[in-house]
Structures are given as structure tokens and as C-alpha cells.
Amino acid sequence: MRIFTTCLALFILSYAAANTSVVFQDLKKYSYDELDSITGHLFNIGSYKSAIIYAQAGREKAKNELGTLDTTYAKFTNHLTILYKELGSYKQSISLCQETLNIYSRIVGKNHPIYASCIDDLASLYKRTGKYEKAEALYHQAMNIFSKTIGKEHPNYAMSLNNLANLYGKMGIYEQAKTFYLEALEIYTKTIGTDHPNYAASLQNLALVYKATENYKAATQLYSKVLKIIEKPLGKLHPNYAVVLHNLANLYETTNNFGKAEVLYLEALEIVEVSLGKTHKNFGRMMNRLASLYQKMGKYKQAEILYQNALSIKAIVVGKEHPSYAITLNQLASLYKKMHHDELSWNYALQAIEALTKLNSPKIDSTWINQLKYISYPSNVHIVEIVNALTCIYNLLGQKYNSPVNITQTMIVDLVIHLLKNNRDTYISEKDKLRLLAESHNWMMKGLNSLDLNTSFDKAFANVEFHKSILLLEATKAEKAMQNSLLPDSLALKVKKLHKKQAELEAALFNRSLSPKRDSILTPLNEINLQISILNKYIKKNYPLYNKINSHNRAININAIQQTLEKDQALIEYVLGDSSVYAFYIDKNHTKALKLHIQSDSLTYQIDNLHHTISNYFLFRYKIKEQYHLYSEVALWFYQQLLMPLLTQAKHIKHLIIIPDGKLAHLPFEVFLTKKAPVSLNYKNLSYLIRDFQVSYQYSAALWIENKKINPYTSNNNGQILAMSAKYDTSLSSSNFRLPAQQRLRSKLRELPAAKLEVDALANEFKGYFGYDSLATERNFKNLAKNYKIIHLALHGLLDEKFPMLSSLAFSESIDSTENNFLQAYEISNMELHADLVVLSACQTGYGKFEQGNGIASLARSFMYAGVPSLVVSLWQVDDKATSIIMKNFYTHLAYGSNQAEALRKAKLEYINQVNDHAWAHPAYWSPFIQIGNSKPIQIQRKMAYTPWYVAIVSLLLVAGLVFWNRKRIF
């Protein structure tokens, strides 16, 4: 009977609500269950204003009959919280939510799922009002309560994950958002199924992340799936259905499918207008997006009307201090710039900044810039919109002055780079950091274009340095700060453990062979990310000195570089732009900066040509003449274009320290030709750059200086060599305990017979541990590595260009259930090594994908993350026999006191001079190895050679000593 009454009431009262003829007092005669059901029904169909009437009736009834300290009163108060939130009445909603929270804290306590749900609601409100830091803290609190009370396999915990992920999505922290959404979806799949609206909501949110990270195909597939899920229970006229249409339209807009986008935008707007009205926040948001589409389509007048209407709605619904309001102001600024209404564009951009900061300035000057630089921003979104406004202002200034040099533009560039760095410091995921580094790099290029390089060398170079291998530099500084006890040992250990575990879980998530276990990875990964986020905030607050040292300061001192350089050294740093290459030259007494007019496409073409001619063994063996002439031309071109203009007055320079950029890092500069090659084919006698200079490489000048500082860790090594040569025996089957992907990798590895000779040569001459075959395992290496001065690995290197952290060194197979004998890049990065030098006598250990702001993602870089200041690595697949000869010569010269760059140079030149056939002097054999980092000389403990001459000399000395002793006794 009760069910029948409720259903009847739903029908009658829904109809009554639609006709707005219901008297408030008449509603109190219905039971609490009936009022609750009606409120829920009206909420589900999007009739929020009507639902408020019934929720208020239930709340008033409960207050009169049960009092305010009652769960029924709290339930209806919570209904009102949600309804006012949906209507955009946030101030009222927050007040109601805090009241609900207070009631439940007194009824059920603060460690109860109901209390956690209320915290989630309050966090959601803070998120809506742009107070992201408060929201994040509350979401963390709610998740902690849920995990302790109902467990991590409950839909409510999944909902909390989804909410936190949504916050991170809004903040631009996409990688964390993605893993939280994936974990929520896994829980929903197990508990409520894949047809539930909550599952669909998480799918839609994940689609937004895929769109933001330009994975458009995956986003489109998810939107299609969501529409199918929600169409049946909600119908095509529900506002939630409209939201999905709107998001799909936005995806079409992003991919320039304007026709489809317009149709879907208009359909979504019509649904929202009917269900929610023209003053609802969703209606304003959708008008905003349609306006953006019309702007792209060139329909400026239509776009202007829609933007202005959306602005009016947002001013009422969310207020003029909300980032959403500033977004529309920025969009109007962009529109008016396109319409050539520059004054309007300027004014709206300034209004956007004022809305976000409350700073009002009639002019842009250093005072205003500094205020924006050091103000405390509530969220990352505020920073993003400040940057958008500054972009518009920067472009308008360029039009106004029509000059490449503009002081105000330069100040704006500095400000934006500063803001983006502050934004980046709040991120945990390396991918998110790299995304911001790429944006910051674009602004750095704007800065270079607006500077006179001759008069502003120091400033230009400092800006360039700020964008070179930042993450590696910060990791190096952080490690040294920990060594200097700027963090308590227990806290430093906790930081290291968390980052190590994070890397392991991320690698497992990316590893395609482990994809069936993804659900078991997501939960611990998200927990680790949360712990790191909380710990970073704690350290920033309580250990400011550590935080200051750990933070990269871009004001690198040119004098410090010149003081560090030797008299015969010059540092050359490159930056690649779209239409030019910037080159900076510094030696002990001089500086020079050049803007070389080389188009990006042309440079890439030449880089690919040169790399191809010196790394493809097949081509120069079977297309001998064609490859000789191609190599000769392109190698000379590189010298003439990139080096010769810088070296005109550098007669005294013998050592070039090269800091490349982009794909330039894939080339060994030693192969450049300083003179035109003779027509007759002869690789032995060409004028290679290596004949005139020793060459070493760096990731950045700041990192070079940092690596030259005394590292207390390296004093912990034993001064000896750890060398290993693996055995790749395909007959050693590991099918019972290795994954198929690992078996496939190992089956392709061929034996390296000369690698054993390499290690033999070291074992005969130097002290250390020399592991062959079954001793050259991953476990053995991990146990021994931190004790040695030099690490030499004659192994296969396996490059994973898609996921660089999964690139690996292949050790000998062994029956080991915990180590798979593929030492991956992320594992190396988290090792604690005390070596002065690592030599990777393997293939492509210095080659990898270029990451803007962080250099080449290679196995070599992983060893620098582990604290190694110097490396010798390869840029392509090396020849086994040539490598053996070069490595033997390298160590001989190193043992006799040459610095590392000079030792490698001498080893290469000796190889060229010693080979009989000129074809074996081809750069493919001798040039793949480069030296990166600190090139200081290294003392190696040599074995005593007990030759007959040695024995005779020692015997003679002993006899002389005895005679002297006897004579002394006589007197």
C-alpha cells in the first residue's frame, strides 16, 4: 500500500510541480518517504526548482516534529544542499552543507561514511567556487574515512575517487586524474555494473581527460558509450544527456569538425533551456562553447552576443570572482582582437586579470608585474587564465610597437615563465610537468625573439638554461640537499621510498604485458600519489631551506660558468626554434650569441640525413659512393652552419662542451667535417672535428656546474671497476617463469663475443669485480653497483620509444623469480650509485625521445638520476669488434691521467689510424660513443704486473736496502 501511495504521489505531484500550482503547506501532509521520493524524482528529471519545494517541505516538517538534531532533518537539508548547488546558488549551498556536516558529526561521529559523504559534498562546492586547495584537502579526508569504514571496493569510495579526479582534471593534473578515474571504473564494474549512471559519469570524465591530452580517438569512443548507457534510464531530453552531447560537440570542435559540433551544441542548448531555463549555469556554459565555435567559424557577431549573454549569466550564478567568469572575459578579449577592436580586447584581458586577482592597474608596469608574480593564487585554473589574459596582452603589445624589442613584452615573458613554474611545482606526474615545460618553452622562445642577443646575453642565456633538463637538475639538487641533512633522515628516506614505489607502479601501469593486472595497480598508485602530494605540502611548509635549494633558480651566473671553465674550454649551447637556431658561446673570457636562420624542417632533414649515413651499416657497405658523398656534404654543412660562426676567434680552444637541443642530441659533433672532403673515397683521412677538438656533452650548463661540485656519495666507492658481460643463450628456456613479452625480447638478443674480450682486458689491468655469463645478472648488479668507482656494462640496450621508462639493459638470464634480468630505466633512476663514471658499452644507451625541458629520455639520463656525474654511452647500434678496441684504448688513456673526453678522443683517433681498410674508419664504427657530464680525470686502481723486470728491480732494491742496513749497524 505504501509503494502504491508513493507512486501515486509522484505522478500527481510531478504534474502539480510542472504547473506550479502546489501550495507549500499542503505538502506537509505527505510522509517523509513520499517527499523524499518526489524530491529525488524531480532531481532526476532536472526540475531542480520544483524539487526544492518538496525538500523544503520535508525539512520544515522534520524540524517541527523531530528537531534539528535528527537524521531526517539532516537528509532534507542535504537534499537542499545538492539542489542549490545545481542551481548555482553556492553561498546558500555551502551554508546548508556545513549545517548538515555539523548535524552528522554529532549524531554518527566524524569517522562514519555518512559524514564522509557530507565532506565530499562540501569539497564539491569548494571546487565549484574555485577554491581548489580546500577542495583537495576535503576529498583526501573523505577518502581516508571511506577506506577505513566501508573499504576500497565500495561504490561510495569510487564516487570519492571520481570527485577527486574531476578536481585534478580541472586543475590540469591529467595523469593523476586518469588513474583515479580508472580505479573508480574498476570498482563500479565490480559493484554496480557498467549500466549505472555513476559508471557513465566516470567514463565521461575520463573522456574529458583524453581530450585534454589529445587522445581524441579514445575520447570519442567513450562519449559514444556514455550516450548509450544514459539514454535508456534518462531519455534524450534530460539535462545530463545534454551535457554529454555538449562535451562530444566540444570534441568535434577541437578536431575542426565544425558542422557536427554546431548541430550538437544547438541540440544540447535546447534541452537545457527547456529543462533548466535560460539562467542556469549549464545554459551559460553551453552558450560559451557555441560562441567559441562561431568565433572559429568567423561568425564574430553571433559569437559576441553569445559571449555577452554567457557573461551575464555567470555574473549572477557564480559571481565575478570565479575563474569561469574570467574564462568568458578572456574569450571576449580574444574575439575582439580578431575583430581588430584592440582597445576592447585590451580592456577585457585586464578585466579577466582583475577578476582573478582583485588587482586593478591603469597601466602595465614593473610594480603590477611583481604583484602578479608573487600573489597567492587559489588554484592552477587561476594561473591558466592569468596566462591566457597575458597572452592576449603580449600579442597586442607586439602589434602596438611593431618592434622585436619591447621591455614590457619581456617582463610579461618573465612573469608567465614564473607562473608556469609555480604551477608545475604542484604537479606529481612527470607527464603533467613535461606538458607545462613545453608551454613554458614556447614562452621562452617568445622572450628570445624580443631580446637583443648582443646587449642581453646574460638574460637570454638564463632563460634558455631555465628550460634545459630542469627535472633532472631538480632531482640532482634534491638528492644533494638530502645528503646535506636539510631534511631529517627519516623524512628523506620516506620521500625516496614513495618516489621509488611510484615509479614501479607507473611502469607496471604502462607495461602492456601486465595490462590484465591494471586494477591491482591503480589503487596503490593513487594512494602513493596522494601521499606524495600531502608530503610535498608538508615539506614546503616546514622545511623552507630544503625547498629553496631544491627549486631551480634560472638566474644562472655567466661569471660562475667562466670561472668553472678551463682556459682551453668553450661551452656551446643550442636552442631550436621554428625558423631559427639560437647558439650561445662561452669561454673563459668571451661570450657570443647568434641567431642562425635555419628553418626547423630543413634542420630536421639534415639531422636525419647525417644520422642515417653514420648509423646505417648496410648503406655505407653496399651504396658506398652515394653514401660517401652524402655524408661529406651534410657533415660539412653542419660544421659551417652550427660551429664555424662561433669559432672564428677561438684559436686557443681545444675542448668543446656541447649542450644540444632537440634532435641535435642524436648526433656526435665529432663527425662534422671542418674541410671539404676529397672526391676519392677515403674515410681514414677526412678532416673530422675530432682531430682538432675533444668534445663532451651536457644536458645543461647548470647541471654541468652541479656535477662538478664534490659529491660526498662518490667518496663511498672503493676506487675499483665493476664490469659485466652478459650471455644471451637462447637455449636457456625461461617459459615457466617469464612473461611471453619478456621471452620475445630475449629471443632476439644475439651473443656479443667481443664484449667478453672488453671485460677481459679490464680484468687483466685493473682491480674490481668482473662478472661474466651467469654472474652478469640483474640481482648481482644491484647488489654490487653502489660500491664501485667505475661501472662498465657490455650488454644489449633495449629502447622503448613510447615509454622511455621501460627501456632496459639486458643481463644474463637466471632462474630468478623477483628479478627478470631486464634492468629498466625507472629502476636505474631509483638506484643509489656512488660511481664517478658509468660506461654503457651497449646499443642506443644515449639515444631516445626528446622531452621539451628535460632532454633526451635515455638509459644514460637514468644513471644521472641515480647520482652518476659522468657517462660514456652510444647513440646507435654499435659494432662489437670496434667497440672492444675503442674501450680498451679509452681505459688505457684514462689510467694514464687523461680526462674522460680526451681519453675517448684519443681512443677514437687511434682506432681510425690503426685500421687497415679505410671502410673500417667510417664514423659508424668509432663515433657512436659520446661522453656526457663531468669529464674530470679518474684514478683507477691498477693491478701490479709481476714481470721478470719487475721482480729483478724489486730484488735489487731489497739487496741495496740490506747492504745499507748492515753498514748502518757497523757504524
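I started with H16 (residues 323-338) and H17 (residues 342-357), whose axes come within 7 Å and cross at roughly 165 degrees; axes are lines fitted to C-alpha atoms over the stretch in contact, with angles from 0 to 180 degrees between N-to-C directions. H16 and H17 are therefore roughly antiparallel (over 145 degrees; under 35 counts as roughly parallel). I noted the contact (heavy atoms within 4.5 Å): among its residues are Tyr325, Leu329 and Tyr336 of H16 and Leu344, Tyr348 and Leu356 of H17. By class I get 13 nonpolar, three polar and two charged residues there.

Caveats for myself: this is a predicted model, local features need pLDDT of at least 70, side-chain atom pairs count only at pLDDT 80 or more, and totals for chains, interfaces and linings use all residues. Residues are numbered from 1 along each chain, and side-chain values use heavy atoms, leaving out hydrogens and water.

Next I looked up H2 (residues 32-44) and H4 (residues 71-86): their axes come within 12 Å and cross at roughly 15 degrees. H2 and H4 are therefore roughly parallel. Their contact includes Leu35 and Phe43 of H2 and Phe76 and Ile82 of H4. I have six nonpolar, three polar and three charged residues for this one.

Last, the strands (DSSP E runs of at least two residues). S4 (residues 655-659) pairs with S5 (at least two DSSP bridges needed) in the parallel sense, over four bridges. I found histidine 655 bridged to glutamine 694 in S5. Are the faces of S5 (residues 694-697) covered or uncovered? Both are covered: Gln694 and Ser696 on one side, Val695 and Tyr697 on the other, are all buried (under 20% relative accessible area, 1.4 Å probe, protein chains only; exposed is over 50%, partly exposed in between).

Note on methods
Angles under 35 degrees count as roughly parallel, over 145 as roughly antiparallel, 65 to 115 as roughly perpendicular and the rest as oblique. Ala, Val, Leu, Ile, Met, Phe, Trp, Tyr, Cys and Pro count as nonpolar, Asp, Glu, Lys and Arg as charged, and the others, Gly among them, as polar.
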